Amino acid sequence: MTNRNMWVGGLAMPVMAMLLLFAGSPSVRAADQRSAATAEVKIDNFSFGPQTITVPVGVTVTWTNRDDIPHTVVSTDGVFKSKVRDTDEKFSYTFTKAGTYPYFCSVHPKMTGKVVVQ
Amino acid sequence: MDDHIKHDHSHDGIDRRGFLKCMAWAGAGTLLVLDGGVVKSFALSGLDKHSAHDLKGQLSFVQISDSHIGFNKPANPDVTATLQTAINKINAMPHKPDFIIHTGDLSQLSKPSEFDTLDQALKGVAAKQIYFVPGEHDMLSDNGEQYLERYGKGTKGAGWYSFDHKGVHFVGLVNVANLKAGGMGSLGHEQLEWLEDDLKNRSASTPIVLFAHIPLWTIYPDWGWGTDDSEQALSYVKRFGSVTVLNGHIHQTMQKIEGKVSFHTAMSTAFPQPAPGTAPSAGPMKVPADQLQKVLGITDVNYLVSGRSLAIVDSPLGDSGSSASKSGRGLAVIGSSIG
């Protein structure tokens, strides 16, 4: 009996070590278990939809302008800034750090939105 | 035709019945002049008989706005053509304007080709000088570098300046630079300081005309139709006997009188926008093709000798007559379409 216990104990550690190794690889976990690596925001009727979007770290958010008028996507904290986007043009930004990112359209500043990265 | 009356924001004690009677004449093309509270009317068709003395007075200029050269969506697939119609209308006026004021959104996307097309078209206008202020659409590349290069000579900061003409002091203001998230138009500290200094030594009897792209009074905050720090600017003109504020941006005529200050917005030469709150957003408004020219227009401003009054006539591009708008002390505002 002792031998078996010792043998199990001996095996457990390497197995445990392997499990821990996998648990500590967030990128692998993200690819397997999280949702798509992109998220969409539509610009329509002078507003961002959804106005607040929550995404995991590493996700690329793509804004698409569906208005007849050009807009921009500008972070209020200087993190990102699109060129002017006319109808059907897009802007993408990949969020590599967790945090809250308020932004607005610099042409029509009443248009505001937020990206929450968790 | 008379959308203007619906936007009556002022309560200036003008006899509404008399005013509305004049409004009914407006369909036939009438120029109304309110001089010290008394309304005088002139038929637009007989303008040339009156113009030399009664109407032209000492100073006459035309305001155009929001040409949006480069816009090509359904609301107007050819904004260059409607700009040309506006220019033709100016050139056909019985009295030639001393100059043109363009209150911004010259271009749609601040592209060099768009500014080129505008300049080319304006070469044909019968006026010796054109004064500009930028709209937010003219600031889209490098904070307005293109705009300043072409139209900013002799201006300060983002393109503000002043000049005098026949005793009237004109100030071109820029309220579309450095806009803040969640805000409306903005003049900024530096420009306000300059404005205070520019006005401070002038006699209170000097007529003042301020012009800027976004309205300098709050029309509809939800759509950004106002200027966050305009109160400060207006405090500097409070002591003057006659102040006229000319704006664009909203693509429809609206006016308000507050004491001695008359505010007026012009139609666009490109496309109309909805009245406040009547649509999901302020974007270009589609109208039936045969109606388009009725909702685009120019504004003719005449400074009359008697009583130092200013007559402002908005003319739709479509020539179906004009509509009179609210008038005030020394001021008459009339709209007429180009189509």
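## Terms and basis of the model

Two strands are taken to pair if DSSP finds at least two bridges between them, and the strands themselves (E, at least two residues), like the helices (H or I, at least four), are DSSP runs numbered from the N terminus. The model is a predicted one, in which local features need pLDDT of at least 70 and side-chain atom pairs count only at pLDDT 80 or more, while totals for chains, interfaces and linings use all residues. Residues are numbered from 1 along each chain as its sequence is written, and chains are lettered from A and ligands numbered from 1 in the order in which they are written.

## The sheet of chain B

Chain A has 2 helices and 8 strands, which follow one another from the N terminus as α-α-β-β-β-β-β-β-β-β.

Where chain A meets chain B, 18 residues of chain A are in contact with 19 residues of chain B, contact being defined by C-beta atoms, placed from the backbone, that lie within 7 Å. Among contacts in chain A between residues at least 6 apart in sequence, 47% join residues at least 24 apart.

Conventions. Two residues are in contact if their C-beta atoms, placed from the backbone, lie within 7 Å.
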